[in-house]
Amino acid sequence: MKTKLRQIAESAILVAIGTVLSLFTFQGPWALGGGITVCSMLPLVMIAQRHGTKWGVLSALVYSVLQLLLGINNVQYAPTALSVAGIIVFDYILAFTVIGFSASFNSIVKDRRKAIVLGI
């Protein structure tokens, strides 16, 4: 029980750190806007590496919902309800949840550093 509570607390803190880091963006000369964030995905990779792929995917899903709530005004550009659903699924839910799979290569590659680089 104590271990699970520690795992939940650690994941919540790392998701919060990732969320705060995602607010610091570098705006570039891209045509449709967007930006580059400073290491906002690194806490999600750390969760997946420490607690495994299942927990990493679950934490990344929570992070994706937070990013969706923070960036909900981005769906106002969609002309139809189908494109709103596409933006929500592909730009938020799927895009961020895939980061949780970064620990998938730990059992395949023996060297831990190589597995982390390959997973990222």
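**Side-chain contacts**

Analyst: Glutamate 10 and arginine 50 form a salt bridge through their side chains, at 2.4 Å from N to O. Keep in mind that this is a predicted model.

User: How many salt bridges does a search of the whole structure find?

Analyst: The search finds one.

User: Where in the chain are the two partners?

Analyst: Glutamate 10 is in helix H1, which covers residues 2–22, and arginine 50 is in helix H2, residues 42–51. They are 40 residues apart, so the pair links distant parts of the chain.

User: Is glutamate 10 buried or exposed?

Analyst: Glutamate 10 has a relative accessible area of 17%, and buried means under 20%, so glutamate 10 counts as buried.

User: And arginine 50, buried or exposed?

Analyst: Arginine 50 counts as exposed, because its relative accessibility is 53% and the cut-off for exposed is over 50%.

User: What else does glutamate 10 touch, leaving out residues up to four places away in sequence?

Analyst: With those left out, glutamate 10 touches Arg50 and His51. With histidine 51 there is a polar contact between the two side chains, at 3.2 Å.

User: Changing topic: how many aromatic pairs are there in the whole structure?

Analyst: A search finds two. One of them joins tyrosine 63 and phenylalanine 96, with 5.4 Å between the centres and 85 degrees between the planes, which makes the pair edge-to-face. Tyrosine 63 is in helix H3 (residues 53–70) and phenylalanine 96 is in helix H4, 33 residues apart, and the pair links distant parts of the chain. Both residues are buried.

User: What about the pair of tyrosine 92 and phenylalanine 96?

Analyst: The ring centres of tyrosine 92 and phenylalanine 96 are 6.4 Å apart and the planes are at 40 degrees, so this pair is tilted. The two residues are four residues apart in helix H4, so about one helical turn separates them. Tyrosine 92 is buried at 8% relative accessibility, and phenylalanine 96 is buried at 14%.

User: Which residues do the ring pairs link into a cluster?

Analyst: Tyr63, Tyr92 and Phe96.

User: Now the surface. Which residues form a nonpolar patch there?

Analyst: The patch is made of Val89, Phe90, Leu94, Val98 and Phe101, and together they have about 470 Å² of accessible area.

User: Where does phenylalanine 101 lie?

Analyst: Phenylalanine 101 is in the loop between helix H4 (81–97) and helix H5 (112–119). Its relative accessible area is 43%, so phenylalanine 101 is partly exposed.

Note on methods:
Residues numbered from 1 in each chain as written. Predicted model: local features only at pLDDT ≥ 70, side-chain atom pairs only at ≥ 80, totals over all residues. Heavy atoms only, no water. Salt bridge = Lys/Arg side-chain N within 4 Å of Asp/Glu carboxyl O. Buried < 20%, exposed > 50% of the residue type's maximum accessible area, 1.4 Å probe, protein only. Polar contact = N/O pair within 3.5 Å; in protein donor to acceptor, adjacent residues only side chain to side chain. Contact = heavy atoms within 4.5 Å. Patch = residues over 30% accessible without salt bridge, like charges linked within 9 Å, V, L, I, M, F, W, Y side chains within 5 Å. Areas by Shrake-Rupley, 256 points an atom, 1.4 Å probe, with all protein chains shown as cover. Phe/Tyr/Trp six-rings, centres within 6.5 Å; stacked < 30°, edge-to-face > 60°.
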